[in-house]
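Please look over the sequence and the three-dimensional structure shown here before reading the report.

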Amino acid sequence: PFVSAYKSVTKRRPLPWDPKIGEAAGEMEFFIRYIVMTLLSNLQAKALKYAKDPDPVGQAKSYLFLINNTFYLSEQLGYNTSMEFQSGDVPHILRNKEDDIEGADYKIKSEWFSSQVNKLYESSTKKYLKYWEVLNKHLTTVDQSDLTYTNADQKLLALESGRILKARFSGFNEDFEKTYSLQKELTIMDPSLRARLLEDVKGAFLPKYTEFYNVYSKYQFSKKKMEDYLKYPPKKIEKMMADMFSSY
């Protein structure tokens, strides 16, 4: 009935999203694309309001808002190959006959939908991950020639060598604590999205930190404060990260 009603209207007059009328008018998909693109535009406008908030995590909220909403759109309206018909062409708009919930059983197969929605999701995710990728600036490799010892038994690093590792570990610790304390209060309601983004966040810095920690924690670069510099073993960080995005 919706398709018939739509064609009835397009026979008589042009529409904002389709200036053609009669037989030259586009199919129902023109209207659906117009709605989706308008929605994406409105979401970006609202995200901009979050970004302008003086809150220290205002910009991060902006990215997460877009991540949450584009993920929801993709999950609710996106097409996946499990919906393929046994034979014949697959229409642009699919109805899942197994779903009895009115209004929740239509899927959009057209490439423009996945392209636009996924593009916004991926760009928002990439921007958000920069908050965590910045931690990697502290994890650069230290040239072996810069690591010298105070004496022949090679137990305690010389003063200048020790300072190099102290700066690396203390810099990471400080930035991690700041980032974690700000970001941990943000929320993602969908469990599958939360798990996905958490893996992306950990992937942005944890593998590199693990490698750095495993190599340089073996050196004694401080006489009295080694525990302070090494207070975040990788497993501890992973445990802390497990509760991210779960504040309700």
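## Basis of the model

This is a predicted model, in which local features need pLDDT of at least 70 and side-chain atom pairs count only at pLDDT 80 or more, while totals for chains, interfaces and linings use all residues. Residues are numbered from 1 along each chain as its sequence is written, and side-chain values use heavy atoms, with hydrogens and water left out.

## Helices α3 and α6

Helix α3 (residues 58-77) packs with helix α6 (residues 191-216) at an angle of about 130°, their axes being 11 Å apart; helices are DSSP runs of H or I with at least four residues, numbered from the N terminus, and axes are lines fitted to C-alpha atoms over the stretch in contact, with angles from 0 to 180 degrees between N-to-C directions. The two helices are therefore oblique to each other, a word for angles that are not under 35 degrees (roughly parallel), over 145 (roughly antiparallel) or 65 to 115 (roughly perpendicular).

The contact (heavy atoms within 4.5 Å) is made by L64, I67, N68 and F71 of α3 and by S192, L193, R196 and L197 of α6.

## Helices α4 and α6

Helix α4 (residues 111-133) and α6 pack at an angle of about 45°, with axes 9 Å apart, which makes α4 oblique to α6. Their contact involves, among others, Y121, T125 and W132 of α4 and D200, V201 and F205 of α6.
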